[in-house]
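Here's a quick tour of the model you're about to see. Let's begin with the sheets, then move to the ligand and a helix contact.

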Amino acid sequence: MSAAFDGAWPYGFLQNLKQQPPDWRSIVLVNLFVGLAVLLSISVISETVSPLRRYQGPFFAKWTNIWRLYLVRTGSYHVEVKKLHDKYGPVVRIGPNLLDLDLPELIKTLYNTDGKWRKTEFYHNNSAIINGKTTYHLFSETDQVEHARIKRPIVKYYSQSSVGAFEPLMDKVIGDFCKHLETRFMDGEQKHFDLGQWIAFYSWDMNGAASFSQRFGYMDNGSDFDKSIDTADKALDYFAAVGQMPFLDFLLEKNPILRIGPPVMGNVASKAHAYLTSRLQGKDYNFDPKVPDFLQHFIDAKAAHPNVVDEGVIMGYLLVNLIAGADTTAITIRAVFYYVLKNPDAYRKLEDEVLAAQLGEVASFGAARALPYLEAVVREAMRMHPAVCMLLERYVPESGLSLPDGSYVPPGTAVGINPYVVGRNQLIWGDDADVYRPERWLRGHTPGTKTETEESYRERLRLFNASDLTFGGGSRVCIGRSFALMEVYKIVATLVARYRIELTDPRREWDVTASWFPRQKGLMCHMHPR
Ligand code: HEM
């Protein structure tokens, strides 16, 4: 034991001080002790006066965000937060200054278009991560005015009518995807393969084709040959964790002395840069001006808005397409297949509907979108397993926020709603909110009611739509929604129409690692041509 602790503390220590100078260990221990005592006192005082003290949550969440960072690292964040709501109700304090709200009626308030509900710093780290040096705008601005300035020049290129022009390009990618599956896994003997992994190849190649008329080559190679998919996964895991304590980013990824971050996304960034340069120089021979791609749209935006869009901004546009668009779409397609294949009854109904529609080699978006059971299957999968399962954090603006229980949340508090949590809210989705049941999206399928009028069905759908946060909402709503849905509907309809699909082990629950995105590992199945 150190001299500092001889005798009754602190008298022993003081007596010792008189007799002999303290050794370095005593000094460190005393400083540590005093420091901790000061920190504790500050925490206790600030908690006593905190306007959030009335809201319940885990004990450590009052004091620190570390426990949340830990949860995100374990991959069980969304599941654990849902459990907290089951325990504490619709408002849970999950950080010293952060409330998680399971209040679908507030979606329109938090995620609106008035520009007052700023994104928190949770989003801000991802701006410099691409190659460790350059900062690109990745739509992560907390400043809504700046965000609108960057987004405005390109928003029209993501509308349904604009992305509709991508359909021939999508048909080509889907046609080649089917050829790969047929030659690799359906030729002769039955082969089991990871459909989940192939869906990632499809989504990344589709995204490359739409972004700069160049696929990455994952389908041709049959693997993540340049490790870009893996690198992107790791980068997003890092964003999600560090987003819980944003200052850590300056000690880790942005540390000027020693960078301690995720692997840099050099491959994706350098490809995007090379395509941009050759296009601007008129040397991009892969580009057919008759078939539009996003890069061409961005260059048009540069011509129309030279004060806003420069080459750096175009790089940001391209990168965000890939980072925000590829993984999310793959997750959604995998979720659709996983749930429908695990539920033979749903699969049979989907098969019947799709086969009766005679969709041809590659299903057109119009024809696929018109199939009600397909829509039910897609929406139910997105409800059960939204591709973003983090809190969509916003700062409460000057006006403050009144909660349904009558309490008042002051300006500056971070609040948010999690698409996963609100997707399981029993007041909206019913007692079976945890059950996969595509029928809930159809008329006449409310448990306990024998008949449902068209009017009450419409009313129910309105409530469902208003409570669906899969693509966010308001001015920060997902810009790629129409594009993503086209990819999802077309591939699901095409694969179901062309092949009989079976899970290798239908009893196996899938393994989900969740950080920002709940990524699923493994969807082993086999397919037979019809
Ligand atoms: C099924 C697939 C997708 C899902 C579920 C999804 C989900 C989301 C969600 C929830 C947000 C809002 C985040 C927030 O408010 O905090 C978002 C934003 C965004 N998404 Fe998607 N996304 C998908 C596909 C795509 C695609 C394909 C692209 C691009 C081609 C894309 C680009 C973006 C961008 C740029 C934002 C930021 C918008 C802004 O802040 O203005 N997403 N997405």
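Four strands make up an open sheet of mixed pairing, ordered E1-E2-E7-E4. Strands here are DSSP runs (E, at least two residues), as helices are (H or I, at least four), and both are numbered from the N terminus. Two strands count as paired if DSSP finds at least two bridges between them. Strand E1 (91-95) and strand E4 (392-395) sit at the edges with a single partner strand each, so one side of each has no neighbour in the sheet. On average, neighbouring strands of this sheet are turned by 30 degrees against each other, direction ignored. Four bridges link E4 with strand E7 (residues 414-417) in the antiparallel sense, and Glu393 has Gly416 in E7 as its bridge partner.

This is a predicted model, in which local features need pLDDT of at least 70 and side-chain atom pairs count only at pLDDT 80 or more, while totals for chains, interfaces and linings use all residues. Residues are numbered from 1 along each chain as its sequence is written. The protein chain has an average pLDDT (the predictor's confidence in each residue, from 0 to 100) of 89, and 92% of the residues score at least 70. For the model, ipTM is 0.99 and pTM is 0.91.

There's also an open sheet of three strands, in the order E3-E11-E8, with antiparallel pairing. Strand E3 (193-194) and strand E8 (499-503) are at its edges, each with a single partner strand, so one side of each is left without a neighbour in the sheet. Strand E11 (residues 524-529) pairs with E3 over two bridges, and five bridges join E8 to E11. Here are some bridge partners in E11:

| Residue | Bridge partner in E11 |
|---|---|
| Phe193 | Cys525 |
| Asp194 | Met524 |
| Tyr499 | Pro529 |

Now for the ligand. Which residues come nearest to it? Of the 22 residues around the ligand, they are Gly325, Thr328, Gly472, Cys478 and Gly480; a residue is near a molecule if its C-beta atom, placed from the backbone, lies within 6 Å of it. Helix H15 (311-342) and helix H22 (481-498) are the elements that give two or more residues to this shell. H15 gives the most, with seven residues. By class, the shell has 12 nonpolar, eight polar and two charged residues. Ala, Val, Leu, Ile, Met, Phe, Trp, Tyr, Cys and Pro count as nonpolar, Asp, Glu, Lys and Arg as charged, and the others, Gly among them, as polar.

H22 turns up again in a helix contact: helix H16 (residues 344-356) packs against H22 at an angle of about 90 degrees, with the axes 9 Å apart. That makes H16 roughly perpendicular to H22, a label for angles of 65 to 115 degrees. Axes are lines fitted to C-alpha atoms, for helices over the stretch in contact, and angles run from 0 to 180 degrees between N-to-C directions. On the H16 side, Leu350, Glu351, Val354 and Leu355 meet Ala493, Val496 and Ala497 of H22, where contact means C-beta atoms, placed from the backbone, within 7 Å. By class, this contact has six nonpolar, no polar and one charged residues.

Technical notes. Parallel < 35°, antiparallel > 145°, perpendicular 65-115°, else oblique. Contact = placed C-beta atoms within 7 Å.
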